[in-house]
Amino acid sequence: MTKLFFQRQVTLREARRFAENFAFVFLCVLLLSFLLPSSAVATQTQLERTPLTLEILQERLSKPILREGNLTVDLREMVIDLRPENGSFRDAFYQLLRKELQKAGAKPLGLDLSYSVIQGDFIGSDLGLRTPLYAQAIAPIFTATEQAQLESLRLVCLQSLAMSNDKPLHVYALPNSKDCRSLLATDANTSGEINVFRGTLTLTNTRFNGQVQFLNTFFLQSVDAQNATFLQPINWSEARFSRVVSFMNANFRQASNFQGSIFFDKANFKQVQFQELADFHGSFFAEVANFNQGLFKQLAKFNKVQWQGNINFSDVRFANQVQFTKANFNQFLLLTEATFEQAVSFREAQFNQPINLHGASILNLADFSDARFAKNAFLNVSGLSFNSNQAKILGNLGQIGKMFCVTSLQGNQNILRNLGQNFRQQQQIADANQIEYTKQRLRLIELSQSLLRTNINSASINRLINLGFSATQADAIINRRTIRMFRYSTELLTLADIDLETYNKLNNHLSFAEPLGFGGWILQAWSLFALTLLLLLSGYGTNFWLAFGVGGVAIAYFGLLFWLIDRYRRLHPVPIIPTYYETVSILIGFSCLEFLSLLAIFRNAEQPWLTLGCLLIIIIPVPITLIIQLYQQGRYHDLMDFSYFTEDGTFRQLRLLIGRLPVIPRNATFRERYMPLLSDRRWNWLNYYDFSLNNLVRLGFNDIRLRDQHLPGIIATLAWYQWSLGVLYITLILWTLSRTIPGLNLLIYLK
């Protein structure tokens, strides 16, 4: 009994020890399964792939599978050895595949290499059917639909040729490509040949250890290469993709050549990685091209590429140079959140739609020299990360500055300041001034919104309810602003009672500034008024010819008024009226000056009608009111037969009369020097324009002033009114010149 008892104890102890050891081993295996590196998993998966033999290949060729409505040769999860040392298998592989893929039939046969490993070079172009592109010589095995697809290549070539002829600055590559030359040739004997891949090509998660070549291949069906890995250089130059093509999340470890390729349908390169050179020189994208979240570690060439659809390069990182030289962007170009670590070139590019650089980062050089922008094209640089001390933006003088656009001043002041500094450093003063004009125009919008909209930080609860908020929402707003004032519109959405529909409905009726008292409101209103005048009359000191046109209109207008009140005085009892010749002369001179001035305004003002309306409000109401009053009360004073205007008879020369006043002093010596204008001279009408020029610009050929004796007060008031406007105008002119002349600009900005 004792012996049996001890034997049972030993057995239980061994069982317990065995269980503990088993549990330990199980935990180790479980832990290793979690900690096992991805490379080991990949190796294990690779070991599970089936090596492709001729027997398996013949079996798969004889029994194609039906996938998504297409007959496909299933070579998934295979190890295909095409290395030179396995030459016999390689030759047989291409021969057997080519025979089946090129077989005549109603439905073309596709090829699926998903999750396979291709060892050695893969010459995919050898699998296509070689056929001439000339219509009469196309192989008869092609269906009517396939022949129409081949014919579509001719349309692309014709379109490219037409675009290159219409735009001599862009010499596109497509009309010079081999197939395009043959298609457009008149001699059928010169027709080239192309490799036609009739079925679908699926390369999902396929790994190519050698080079991949699909040179001059026309894919009539879709190409799916998602998550594919290309370890060696690839050559897809002159390839034509008739259907959707996807290289989503593909990894190109070596140089990638897509030169002269045509994508007739959507091209998806989302999250693609180009570790070496990516060359798309001269390619053609007929539909949407998506490179979202891609990575270009080395040089990316998109020179002379034609983009007919939208282009998405958002969140793309360009670690090296990228070239879009002579590219044609027919639709929207999205570069949001893109990063350009090295130089990016858009030289001689054509933009027909806006370019969105919102949130992008330019760390080196962005070159837009000789780029052409359509009427509705612009560069949206809201939120752009750009430091003018480390990077540069180049463009044509006087043109590139007009292309930048930001949605609001808030959050974009830094980028506007850096852009202005960028162009000042390059002595592109016109572009720097244009950036300043954009900044002040946004400031005008901000001021007007703060004055005209309801300030949510000071509005009463009744005002909020009348605006459209519910009582509960209004209470929530009042409680929130007692704790902390609103600074941004999006802070409204942090309140539980504010829904998105209410936010979208009322956001454009609210402002989020500091509450203003009456005095602050008056000062802000004055700032708004002054800024409006500066923007309309001189482009905020950035447009001299606009200010010149404004002054020309005023000079001609006041010159005509002064001539009228001086030469047309009365009809009875003795008429004092101008001659017919003088009337015609003054009107012709007025018309010429007004025409040239209005031409300057309409050619240089962003809103010419508003500019003209603002100017007329300044120069018309007061003078017209004074003249109407003058002719209503009549004139009864001495010296009626002498002109109200006198000239300095001691000099006749061009003078700069900065300190000149419109009326001569009350001194006998001055009265001897200043003589009345002669009314019997044929050129006398020019003196009135000279007086108007003196008053407004302080420049004239003669020192012409009003007499000090028997002068109606209304006439003196009119002269002093123009003289007062002249003080403001000459200040505006000098300020504008200081901002538009590079030398003076340096005196202002380089302090």
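In what sense do strands β29 and β33 pair, and over how many bridges? Strand β29 (residues 306–307) and strand β33 (residues 328–329) pair in the parallel sense, over two bridges. Within this pairing, W307 stands opposite F329 in β33. Two strands count as paired if DSSP finds at least two bridges between them. Strands of a sheet pair through backbone hydrogen bonds, either parallel or antiparallel.

**Ground rules**

Everything here comes from a predicted model, where local features need pLDDT of at least 70 and side-chain atom pairs count only at pLDDT 80 or more, while totals for chains, interfaces and linings use all residues. Residues are numbered from 1 along each chain as its sequence is written, and side-chain values use heavy atoms, with hydrogens and water left out.

**The whole protein**

The protein has 20 helices and 52 strands. Both are DSSP runs numbered from the N terminus: helices are H or I with at least four residues, and strands are E with at least two. Of the 751 residues, 48% are buried. Buried means under 20% relative accessible area, exposed means over 50%, and partly exposed lies in between (1.4 Å probe, protein chains only). The accessible surface comes to about 37100 Å², and 57% of that belongs to carbon and sulfur atoms; such areas come from the Shrake-Rupley method with a 1.4 Å probe, and for residues only the protein chains shown count as cover.

Next come contacts, meaning heavy atoms within 4.5 Å. Among contacts between residues at least 6 apart in sequence, 55% join residues at least 24 apart.

How confident is the predictor? Its confidence in each residue is the pLDDT, from 0 to 100. The protein averages a pLDDT of 84, and 84% of the residues score at least 70. Over residues 29–47, though, the pLDDT is below 50, and this stretch has three contacts beyond near neighbours in sequence. Residues 746–751 also stay under 50, with five contacts beyond four places in sequence.

In β8, L129 and T131 are on the covered face, whereas R130 and P132 are on the uncovered one.

Another open sheet has twelve strands in the order β1-β4-β6-β11-β15-β19-β23-β27-β31-β35-β39-β43, with parallel pairing. Its edge strands, β1 (50–51) and β43 (385–386), each pair on one side only. Inside this sheet, two bridges join strand β27 (residues 295–296) to strand β31 (residues 317–318), which run parallel. The bridge partner of L295 in β31 is R317.

**Nonpolar cores**

A nonpolar core is a set of buried Ala, Val, Leu, Ile, Met, Phe, Trp, Tyr and Cys residues joined through side-chain atoms within 4.5 Å. The largest one has 96 residues, and those with the most contacts inside it include F93, W236, W307 and F313. Among the elements that give two or more residues to this core are α3 (54–62), α7 (413–425) and α8 (429–452). Its largest share, five residues, comes from α4. Apart from it lies another core, of 44 residues, among them I565, I586, I704 and I715.

Leaving aside neighbours within four places in sequence, F313 is in contact with a list of residues that includes F291, F302, W307 and L334.

**A few single residues**

| Residue | Relative accessibility | Class |
|---|---|---|
| G398 | 24% | partly exposed |
| C405 | 28% | partly exposed |
| C592 | 45% | partly exposed |

G398 has its place in the loop between β44 (392–394) and β45 (404–405). Beyond four places in sequence, G398 is in contact with A430 and D431. G398 and A430 are 32 residues apart along the chain, and their C-alpha atoms are separated by 5.2 Å.

As for cysteines, a disulfide is counted when a pair of cysteine sulfur atoms lies within 2.5 Å, and by this rule the count comes to zero.

Note on methods. pLDDT = per-residue confidence, 0-100.
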